Every structure is written in C-alpha cells, then in structure tokens.
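Open the model in your viewer and keep the selection tool at hand. The tour has two stops, one on each of two chains.

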Amino acid sequence: MWTIYKKEIRSFLSSLIAYITIIVFLIATSLFLWIFRDTNILDAGYADIDPLFELAPIIFIFLISAITMRSFSEEKKTGTFETLTTRPISDLSIILGKYFAGLTLVVFSILPTLIYYYTVIELSAEVNSVDTGATNGSYLGLLMLGAAYVAIGIFSSVITENQIVSFIISMFLCFFFYSVFDYLSSFEFLKGTNFFVEWLGINYHYRSISKGVIDTRDVIYFISLVSLFIWLTKIIFGSRKW
Amino acid sequence: MYPRFGHKFKNCLTSQQKIKPLSISVQQLTKTYGQQKAVNDISFEVPAGQVVGFLGPNGAGKTTTMKMLTCFIPPTSGIAIVCGLDVEENSVEVRSLVGYLPEHNPLYLDMYVKEYLDFAAEINKVKNVKERVSEMIEITGLTLEKRKKIGQLSKGYRQRVGLAQAMIHNPKVLILDEPTSGLDPNQIGEIRNLIRTIGKEKTVLLSTHIMQEVEAMCDRAIIINRGTIVADDNTANLRNSLKTESVITVQFKNAVSEDKLRKIPGITKVSSAGDNRWNLHSAGNEGLQESIFKFAVDNNLVLLESKLSESSLEDVFKSLTR
C-alpha cells in the first residue's frame, strides 16, 4: 500500500496537480473570506470563519473530483492497470494507496486555512471570543467531508477509462450526497420519511459536527460512506475477473 | 465446462517434478468472451529453463493465454499452473514468481527511469532495492538513460525499461508479449540478445507473429491458431517435419533439354523458369548440389547459378495457420 501511496504522492507533485489544487483552493477561499463584499469576515462583525466551512464543501466538489479523476482512469487508458494488477499486491492495497494519497492532498489544502483561524483570533475584540469548539468541530467535519469526496472520486475513476467522464460523475455524486438529499427531504411527497432522507445526505452530518459537538453517529456515517465507496471501488476493480 | 481438479493435478505434478521440473503447465485451458472462444481447450507444458516461442497470427489467443498465466484474467475453464501453483488459487504467489511484459509495454511516461524501477522493485517486494535497480539498469543497458523521463525515451529504450521492470524481482518465469514489435532492426537485435541471455537461466514464454524471431531465440515453438494449438515442437523438428521437398534453382549458360535434367539422380520434377533457368524439385537435398554439378561437368555445361531454397518456419507457419 505504501509503495502505491508514495508513487501517487510523487506523481501529484511532479505533475503540478498538488500545487495547483492547494493554490486554487486557497485563492478561492481567501477571496470569499477576505475580499468579496457579501461573504467578507471583516465586514461581518463576527469572530468566526464560518464562511470557509460553507464554501469549502462546494469548492471541494470540483477540486477533489479533479484530483481523483485520473487515479484509475489513466491507468486503464495507458494499460499500466495490467502491469499493476499482475504484481504481487492485493487489490485493496492498490485502492487504499490511491485513496490515502488523495486524502493527504486534501489535508494539505485544508492546513493553510489555519492561518485564517489565527487571523480571526488575533483580530477579535476580546480574548477568547472565538468559538474554539465549533471551529474544531467544523475542521473535523470538513476533513471527513473531504474523505467522503475522495472515496466517491476514486470510485468514479474506477468505473471509466475516460478522465472527463470520471470527473463529471464524481462531481455529480459528490453534489448528490452533499445537498440533493437535503432538497429532497423538503418535498411534500416524502413527508414522513423526510428526516431519514435528510439523514442520508452529507450536509446533515456536516452541519451537526460543525456545531462543535462530535456525535459518534455522524462519525460513523462518514466512515460508512467512505467504506461503502471503497467497497464499491473494489468490486468494480475486481470486475476484470468477471 | 471442465470440472476443476486443481489439487489432483498438483499431486501428479509433484511426482513429475522429480524428473523434470515444470515451470508452466496448462491443462485444457479455455477462455470465452461472450460467444467467442478466444482460447479453446489448449494444453501444454514448459519445463524449467526453456525458451518457448508462442506463435500465431493476430487474434489467435496468444495474449489471452498470457493474461491468464499472469493472473490478469481468470480462465473460463481448465487450469493453468505456474511453478506448481494454480493461477487462481495462489494468485499472489504466482504473480511474485512471474515477470510480465504486457503487449504495447505500458509504462508511466511521466516517471523517471530510475524512479519507475524503484517503484517496480518495491511493489515486487524486492529486498535490496538499490542494488537490484542498478544491476537491472546495467543488464538492460540503460545506464545513460536512467535520469531521463520514460516519456522522453525511444521505443527501444522503453522496451528495455519494460524488460527491466519484468525481471527486477528475479522471477522464475518470464512472460513477454510481443517484446520486439515496433522496433527497428538494430533494436530488435539488441532485445533478442538480451532475451537470449536471460533465457539461459530462466523459463521464458514469448509471443510473436514473426517467424525469424522464434528461429533466432527459442528452443521450442507452440503455434496457435483460432484459439487452438496447431503445432508444438522443437524449432528444428518443426522445420523438418514440414520439409517435404526442396527446390534448387539452377541456371546454365547453354541450352539443355528437360529430359536430360530429369535423369539427374534424386530429381523428381523439373520445370523451366525461362532463360535456361530450371527449377529442380527433389525429395531431400542430400548430395543434390553435388550431383547437379557433376551433371554439368559430364555434359560440358557451364553452371551459372545454383540456389537451394529450404522450407523455413515461415512456410510452416503459413501452412498451419491458413
């Protein structure tokens, strides 16, 4: 697994994917957080970085799909998939190697935003006026949301050898899990089951963790979502043997 | 569908192995894609240390068989055993014993040669990665190219990287799918030499549709057509078995009658090729040229040309896969 992980990280670094992802994420978030008028923290008057946690899930839909779209599609297209799968290494360790490489990139794009957090602490009028609990929770939530997106992206990549198709499917699935369940639950015809429908979506659990109370059920939800997509990836990955 | 007798076969193999260790043993192997049988009930055995050429026209089932032997796809029925291990039951072990160069030699073009070989060594769980990688770079003649990106290399050098990758874990069995396709004559020569060197100590199964390649590199040829084996023998035997007649083309300076030529001992058929050229057919070619020369001297004829054409493996191939 670590061999694959190392190879993926190296290819992220050598193909500039890593730098571009991190830079684009940081530019986009800082524009919204510090410069654009409506979402600007400085004008908002509250000592928190909530706009970041509202924006990041949306930006991640694009960015994470872009990071993961090539992971298996490219191998399939160039044929290296065959060299890889005929080496003495299990399918799961190939998938996990690629998964954790993607996740590492997500972590490294989130990490620099701690500077925003520090800035807000320094700018706040009174000492300890920042809600540390909520912010920590939000960071954990964002991380888990990223983990879920990466799993979805890896899955989208394994089902096709076309990177563009993989990118589009991944964006759709991320968007679907992030907010479509939310919208669905407000429909009239789902009355009675609407809580359950909302519960299926990422947003419900993401908001719940953001409050700063870490509910085990939310953590289990994210772990299950990640496992589900890794498992689906493994099934499709093994489909060469069907 | 054939019943699966994995264990039974393994037992009879071990008793056989005492006499002659088998590297590859394929029993009634079949692979079906939808309705089409890509490989249809083939059986063959390869003893350790043999270089076997797997021959056939495009789409004969060579690649499919190789993919099954390297555990990339499972057989529909039948069994394939590599070094005593079933490719389906002991997939991971088999994969660690086999070195594989797939068709079209897929490589990570944005990796550096050395970086890629390091990766290949690690994924094959090689113990002393550094030593092994520099050893392979030396054997395959990549010393000057090791700091280049694979994408910058010419096709011949990429092929060397592919071979280096396949041999890095010192596998017992090497499976090479069309290792020389698309190379220029010099590169083909180099790769052939390399394979011949490797073949001295390893079992090599290589596929090709070029006859000369088999004559140049292999001890034995298995010819496959439309999914079935049509010939399986030593390269020399294979050539002899189909050598029914040889033809000598001769040219004399002066005119000579057909009847006279027919009287040369050993000649079965005479046909004119115009301009005092004659095609002399004979069952064998022993002493034939000698008797033709003698005939020319006895009849005061000047022999300008005498050319013997033997049937080559190419002819064997053509006649078997038509």
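The model you are looking at is predicted.

**Stop one: chain A**

Select A:Ile23, which lies in helix H2 of chain A.

Helix H2 (residues 17-35) of chain A gives the largest share of the patch, five residues.

**Stop two: chain B**

Move to chain B and show its strands. Strands of a sheet pair through backbone hydrogen bonds, either parallel or antiparallel. Here four strands make an open sheet, in the order E12-E13-E11-E14 (chain B), with antiparallel pairing. Which strands stand at the edges? They are E12 (267-274) and E14 (303-309) of chain B; each has a single partner strand, so one side of each is left without a neighbour in the sheet. On average, neighbouring strands of this sheet are turned by 20° against each other, direction ignored.

Select strand E11 (residues 246-252) of chain B next. Six bridges join E11 to E14(B), and the two run antiparallel. For one bridge partner, pick B:Thr249 and then B:Lys307 in E14(B).

Last, select helix H11 (residues 288-298) of chain B. Helix H11 lies across E11, E12, E13 (277-282) and E14 of chain B, and runs at about 25° to E11(B).

Technical notes. Residues numbered from 1 in each chain as written. Chains lettered and ligands numbered in written order. Predicted model: local features only at pLDDT ≥ 70, side-chain atom pairs only at ≥ 80, totals over all residues. Heavy atoms only, no water. Pairing = 2+ DSSP bridges. Axes fitted to C-alpha atoms, helices over the stretch in contact; angles between N-to-C directions. Contact = heavy atoms within 4.5 Å.
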